[in-house]
Amino acid sequence: MVTSVPRLVIAAPSSGSGKTTVATGLMAAFAARGLAVSPHKVGPDYIDPGYHTLATGRAGRNLDAYLCGAELIAPLFAHGARGCDLAVVEGVMGLYDGAAGQGDLASTAQVAKLLRAPVVLVVDASSQSRSVAALVHGFASWDPGVRVAGVILNKVGSDRHEEMLREALDASGVPVLGALRRAPQVDTPSRHLGLVPVAERRADAVDAVRAMAEQVRRGCDLDALFALARGAGELTGAAWDAAEAVVPEPGGQKIVALAAGPAFTFSYAEHAELLVAAGADVVTFDPLRDEQLPEGTSGLVIGGGFPEVYAPELSANEPLRKAVAELAFGGAPVAAECAGLLYLSRELDGQPMCGVLDVTARMDERLTLGYRDAVAVSDSVLAAAGTRMRGHEFHRTVVEPGAGAAPAWGVRAPRPRVEGFVQQGVHASYLHTHWASVPGVARRFVERCLTS
């Protein structure tokens, strides 16, 4: 199979340069032209893909070479981009930043090379003029395998400022494909873990994405960008397919409830696809509003999000808290990551939660962030002891104790430790994992739904 979907990677010299504004604006602007646009995000980020989905009407998908392995990047890309006219890939951090101490692993540069895609560098030009040429030259020449094929100048102050920047870049050999003025209306609010998710500010997010699209339409050469995207190299090999990654469990469908809504916005699209391929009927519910689990629920998946922001509201929904506890104590499979772990605790910042786990959770000033190599310590509904997976932690909360009598994972960095909880059918941990890397976890979970 050959994948020849036109594609661009939107990168930057550093975080805060405007990648999300430009990438989301490009997605929306091209979609407004009637193109089917496939949105992608490098790295483990869950929040930016929500804005990408709003811009394109298609599920935002992550491309993380650390979590999934370099060999899955092109297949996962081809899966998401199937049938599309254009794919836009938003990078992570600076172009060459990736997993600490591991070269270009999980960097935007690595993903661009794996996708054979041209890179457009978004440069915050607010405090420079001629120096922009040296910066762009350095990024374009650092790795011969990365094709920096264009620049979009962001936060340009005036017509004269833009003229100076363009003159400086004339000799660089990298064309300027856009220049964007400072525009407060495209800003999106942030808090302790980054941007506020779309689900929490739907109407405002729609307006912000519309403003991003208009800014990009006015300031960028969309025809030149699309021509550049069409020059991406062909990718060979089959697209990832959940139905080929897992074998469905015999015995009929079981309902797996998937937490969603403003408090639980972190979930990779491939997780639900794998559960369905394994034989589950996936039904979403909102723990803020729904007082009961979906009828016939046999298993429960609670991903990441911001329960700390909604602790009083989650606590006030006592009927659902009791329903979750009853399901868990009855031995049904429950997979909880990060926010899900907090929701299953006895209390969060003094607010009663589901009480499935005898732990307390609280906000903390310290940010815990980083990739993790993990091994399953205890047999669980997700994995047999000894199963190796890679994950990511990103939180400003603490649970006490940090591990149960049967821990979920052993991790090596930043220090060797055990973490999480395996209790009856519950697997709860801070670790975010991408099931496409080890699709057997989805089949094992559905199998437990059929036998519990």
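A cavity is a set of grid points where a 1.4 Å probe fits but cannot get out. In this predicted model, two cavities of 30 Å³ or more are present. The largest cavity holds about 160 Å³ of space. Its lining is made up of 21 residues, and His271, Val301, Gly303, Glu337 and Trp435 lie nearest its centre. Two or more lining residues come from each of the elements β14 (297-302), β15, β23 (426-429) and β24 (432-433). Among the elements, β15 gives the most to the lining of the largest cavity, with three residues. Sorted by class, this lining has 12 nonpolar residues, eight polar residues and one charged residue.

Cys338 sits in the loop between β15 and α14 (339-344). In an unreviewed UniProt entry, Cys338 is listed under "active site". Cys338 counts as buried because its relative accessibility is 6%, and the cut-off for buried is under 20%. With neighbours up to four places away in sequence left aside, Cys338 is in contact with Phe394, His395, Ser429, Tyr430 and His432.

The UniProt record, again an unreviewed entry, also carries a domain annotation, "CobB/CobQ-like glutamine amidotransferase", for residues 256-437.

The elements with two or more residues in the lining are α2 (47-56), β4 (61-63), β12 (254-259) and α11 (269-277). Helix α2 contributes the most, with five residues. The lining of the second largest pocket has 16 nonpolar, eight polar and four charged residues.

Helix α2 is itself mostly covered, with seven of its 10 residues buried. These buried residues are Ile47, Asp48, Pro49, Tyr51, His52, Ala55 and Thr56. Just after α2, Gly57 has a positive phi of about 80°.

The buried residues of α5 are Thr108, Ala109, Gln110, Val111, Ala112 and Leu115. Just after α5, Arg116 takes a positive phi of about 50°.

The largest nonpolar core has 114 residues, of which Ile10, Leu95, Leu115, Leu153, Leu225, Leu275 and Phe445 touch the most other members. The element that gives the most to this core is helix α1 (residues 19-32), with seven residues. Another core, of 39 residues, lies apart from the largest one and includes Tyr310, Val324, Ala339 and Val356.

Not counting residues up to four places away in sequence, Leu275 touches Val256, Ala280, Val282, Val301, Trp435, Ala442, Phe445 and Val446. Two of these partners, Val301 and Trp435, are also among the residues nearest the centre of the largest cavity. Phe445, another of the partners of Leu275, is listed with Leu275 among the core residues that touch the most other members.

Notes. Residues numbered from 1 in each chain as written. Predicted model: local features only at pLDDT ≥ 70, side-chain atom pairs only at ≥ 80, totals over all residues. Heavy atoms only, no water. UniProt positions renumbered as here; feature names shortened; annotations may be inferred. Helix = DSSP H or I, 4+ residues; strand = E, 2+ residues; numbered from the N terminus. Nonpolar A, V, L, I, M, F, W, Y, C, P; charged D, E, K, R; others polar. Core = buried A, V, L, I, M, F, W, Y, C linked by side-chain atoms within 4.5 Å. Buried < 20%, exposed > 50% of the residue type's maximum accessible area, 1.4 Å probe, protein only. Contact = heavy atoms within 4.5 Å. 1 Å grid on protein atoms, 1.4 Å probe; cavity = no way out; pocket = protein on both sides within 12 Å on 5 of 7 lines; lining within 4 Å. Points joined across faces, edges and corners; volume = space filled by probe spheres on them.
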